[in-house]
Amino acid sequence: MRAAIYEAFEGAIDIKELPDPTPAADGVVIRVEATGICRSDWHGWMGHDPDIRLPHVPGHELAGVIEEVGAGVTRWNPGDRVTLPFVCGCGHCPQCLQGHHQVCDHQFQPGFTHWGSFAERVAIRYADANLVRIPSAVDFETAASLGCRFATAFRAVVAQGRTAPGEWVVVHGCGGVGLSAIMIADAIGARTVGIDIKKEKLNKARSLGARAVIDASHVEDVVQAVRDITHGGAHVAVDALGSPTTCFNAIAGLRKRGRHVQVGLMLAEHSTPRIPMDQVIANELEILGSHGMQAHRYPEMMAMIAAGKLHPENLIAQTVDLDQGLRELQAMDRFDTIGVTIINRFGA
């Protein structure tokens, strides 16, 4: 199979012919039809993820067709159109038995713990517990865009943030996760504010439902700007970027008993940010993480897509081939991309 592989962190990413994978007893092999390019892939290439072992094939947002099925798989067959969360739970540990597959004790993560989907084929473990059937009305590119950023944003806004209609949701960072969060919050009746330093991203946020936007590069006090727009602070804040500044501003801009949801990864030197703990205590604020979404929670999201309440396809900025995708991946530290880039062509 044709696949992208790197042998050193921050090193060259090459496209090579690699052996086709074979399914584990509890797994499948998927022919990849589309895969997203995510900043998490960039973090992996930079060496920020301790689970990655070299050499490595990146890629974790994928959709495709099952080609082979392991002997122990009971729910899936060759030819099925499927996608999956980027965290696959084992189905048997205490977390999974409580329904929390996204924090499984033995999780399988394509593109991190194992080789991923920047390839013509990918092997996936724990198939019965994690695969999601793609409705016939949803194309592969849209399905691939759900697997990390959109599903994570859905769970962040709906489950972790417990967002209610009429509440103010302030999203810090209008990349793929942030724009997804704005669309989802707007769809459930919340009032949203998007914050970024790029005019184009703020314009996109408005087009997806943001009631107001803040250009952090031109505002002296982002926290005060949030309080002015929301008449006292956000009910829910989402840090969709992951930086010490956005994390601090998101928490500091909450109203009393507000909820902060941290989605943007904070790794390496950013892993221990400054937090306004005095406000957390005095105002009884909540600080929550959000790490993907379980496969068994996908139906709620898929139903909103089928009903026309959510349009994740509007977040797809471009589709590229595998060679172009590698250049996009290596440039993700510049934050230039608006929306989601999808690889949907893998041949030479």
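This is a predicted model: local features need pLDDT of at least 70, side-chain atom pairs count only at pLDDT 80 or more; totals for chains, interfaces and linings use all residues.

User: How many residues does H4 give to the lining of the second largest cavity?
Analyst: The second largest cavity has a volume of about 30 Å³. Ser145, Arg149, Phe150, Ser180, Pro312, Leu315 and Val340 line it. By class they are four nonpolar, two polar and one charged. H4 again gives the most, and its share is three residues.

User: Which elements give two or more residues to the lining of the second largest pocket?
Analyst: About 180 Å³ of space lies in this second largest pocket. Of its 13 lining residues, Arg75, Leu131, Val132, Ala295 and His296 are the closest to the centre. The elements giving two or more residues are helix H3 (127–130), S7 and H10.

User: Why do the buried residues of H10 line one face of the helix?
Analyst: H10 spans residues 298–306, and its buried residues are Tyr298, Met301, Met302, Met304 and Ile305. Seen down the axis of H10, they line one face because they fall within an arc of 160 degrees.

User: What covers the buried residues of H10, and which exposed residues are on the face turned away?
Analyst: The cover includes strand S7 (132–133), helix H4 (140–160) and helix H5 (176–187). The face turned away from the buried side of H10 carries two exposed residues: Pro299 and Ala306.

User: Which arc do the buried residues of H7 cover around the axis?
Analyst: In helix H7 (residues 222–230), the buried residues are Val222, Val223, Ala225, Val226 and Thr230. What covers them includes strand S8 (168–172), strand S9 (191–196) and helix H8 (244–252). They are on the same side of H7, because they cover an arc of only 160 degrees.

User: Which residue caps the N-terminal end of H7?
Analyst: Look for a side-chain oxygen by the backbone nitrogen of Val223. The distance is 3.2 Å. The capping residue is Asp221.

User: Which residue takes a positive phi just after H7?
Analyst: Just after H10, Gly308 has a positive phi of about 80 degrees. Just after H7, the positive phi is about 60 degrees, and the residue is His231.

Terms used. Residues are numbered from 1 along each chain as its sequence is written. Side-chain values use heavy atoms; hydrogens and water are left out. Buried means under 20% relative accessible area, exposed over 50%, partly exposed in between (1.4 Å probe, protein chains only). Helices (H or I, at least four residues) and strands (E, at least two) are DSSP runs, numbered from the N terminus. The arc is that of the directions from the helix axis to the C-beta atoms. Contact means heavy atoms within 4.5 Å. On a 1 Å grid over the protein atoms alone, a cavity is a set of points where a 1.4 Å probe fits but cannot get out, and a pocket is an open set with protein on both sides within 12 Å along at least five of seven lines; lining residues have an atom within 4 Å of a point. Grid points are joined across faces, edges and corners, and a volume is the space filled by probe spheres set on the points. A polar contact is a pair of N or O atoms within 3.5 Å; within protein, one must be able to donate a hydrogen and the other to accept it, and residues adjacent in sequence count only if both atoms are side-chain atoms. Ala, Val, Leu, Ile, Met, Phe, Trp, Tyr, Cys and Pro count as nonpolar, Asp, Glu, Lys and Arg as charged, and the others, Gly among them, as polar.
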